[in-house]
Amino acid sequence: MNKNDLKELRKATSSDIFTLETLYTLYIDGENEVRYEEIRNPLQMEERELDRHYDILKQTISTGIGRNVFPAPVRTQNEELLGLLNKPEWAVSDFEGFREAFKSHVFGKGAFYAVIAKISYSVPAKAKDGTELEDGEDVFDSIVCSACPAKLTPQALGFTGIVEGLTRQWVIGRASMGFLYPSFDERAANYNEVLIKSKDPEQDAFIRLFFDIDEQDQPVGAKTQHRMLGELLERMDLGLDEVISVTETLAKETAADEKEVIEKADLQYAISNAGAKTDGLDEAYEEIVGSHELRVDNTLPSKLKVESDFCTITVPAEKGALLERRRIDGIEYILIPVDGAVVVNEAATRH
């Protein structure tokens, strides 16, 4: 599943060719007790409540791939979920396994609200030039799950004709974890892949409760990808100017080719272009990155951060070449050209 598939599916959720067929809802309180569990029919829900559940489910596919949303291959298809896809009517008893696994996962983490839904999308046919035609005959059916933490509102005063203390309530927040299975891959169902919603997928055991994912295929989050690139460049023993040159070259080349992922060949070209040696890159890449992806959005930020023992310098990434490391009278300095006003703690200084 790539960013175009995800973009199409997100767009479809606001159209009449995307339908929400049935819902399973589960609320677990802070004591890990089931307080609410029910099968809901969207046709019998009030519009405002239905819209809120739509919003919760859409949060599972709401961000770009590689940030909080990750496709991952599964070693075995989830027959239980596939059975739900083909079952015309759901019952609470169908979710006994999910309920117990979910209770175990959120134990000690506070209250949670989970929603599982069957969705159906009539995939429009497309011409060779990408122009969307009338609705096609293909229908994408999938199970989407969103799990949201619930928080108790703080004590507060309110006006209800008089000023008085308001009753505290448990408010359901945004989805923090979930999945879409099967995934929407090349505009069709892929039963060998799941789309994961997680802030920290390598540490999140939630998805492994339901899917058999090989350890080497387990997605890694944005922070880990950023750290991987940093470790890789450090292993290549590059200087300040060379690291800046590599990041600039990677940004330019991936943008020009509209690439989503930095590959080893891209790194080899960028390091060579900086005038540095690429000896040991193959071994370092295999050890640090392995089968994982280095996504452009996660590894090439818009700002360049340079840190020393006692200070941090942040500049726009495209201005990185202006930084210079120089030894003056035996002391190492990082030099920054100054053009215009210099402001310290909001105080403009004189030239």
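Let's start with Lys-11, which sits in helix H1, the stretch covering residues 3–12. Keep in mind as you look around that this is a predicted model. Is Lys-11 buried or exposed? Its relative accessible area is 62%, and anything over 50% counts as exposed, so Lys-11 is exposed.

Now for a surface patch of another kind. Leu-157, Phe-159 and Val-163 make up a nonpolar patch, and their accessible area together is about 390 Å². Take Val-163 from that group: you'll find it in strand S7, residues 163–165. Val-163 has a relative accessible area of 59%, so it is exposed.

Next, have a look at Phe-184 in strand S10, which spans residues 183–185. Why does Phe-184 count as buried? Because its relative accessibility is 0%, and the cut-off for buried is under 20%.

Time to turn to the rings. To describe a pair of aromatic rings, you give the distance of the centres and the angle of the planes. How many aromatic pairs are there here? The count comes to 14. One of them joins Phe-102 and Phe-112, with 6.1 Å from centre to centre and 90° between the planes, an edge-to-face pair. Phe-102 belongs to helix H4 (residues 96–106) and Phe-112 to strand S4 (residues 111–126), so this pair ties together parts that lie 10 residues apart in sequence. Both Phe-102 and Phe-112 are buried.

Another pair to find is Phe-179 with Phe-211. Their ring centres are 5.1 Å apart and their planes meet at 80°, so this pair is edge-to-face. It links distant parts of the chain, 32 residues apart: Phe-179 is in strand S9 (residues 177–181), while Phe-211 is in the loop between strand S12 (193–198) and helix H5 (222–235). Phe-179 is buried, and Phe-211 is buried as well.

Finally, step back and see where these rings belong. Phe-102, Phe-112, Phe-179 and Phe-211 are among the members of a cluster linked by ring pairs. That cluster also includes Tyr-24, Trp-90, Phe-95, Phe-98, Tyr-181, Phe-206 and Phe-210.

Key
Residues numbered from 1 in each chain as written. Predicted model: local features only at pLDDT ≥ 70, side-chain atom pairs only at ≥ 80, totals over all residues. Heavy atoms only, no water. Helix = DSSP H or I, 4+ residues; strand = E, 2+ residues; numbered from the N terminus. Buried < 20%, exposed > 50% of the residue type's maximum accessible area, 1.4 Å probe, protein only. Phe/Tyr/Trp six-rings, centres within 6.5 Å; stacked < 30°, edge-to-face > 60°. Patch = residues over 30% accessible without salt bridge, like charges linked within 9 Å, V, L, I, M, F, W, Y side chains within 5 Å. Areas by Shrake-Rupley, 256 points an atom, 1.4 Å probe, with all protein chains shown as cover. Salt bridge = Lys/Arg side-chain N within 4 Å of Asp/Glu carboxyl O.
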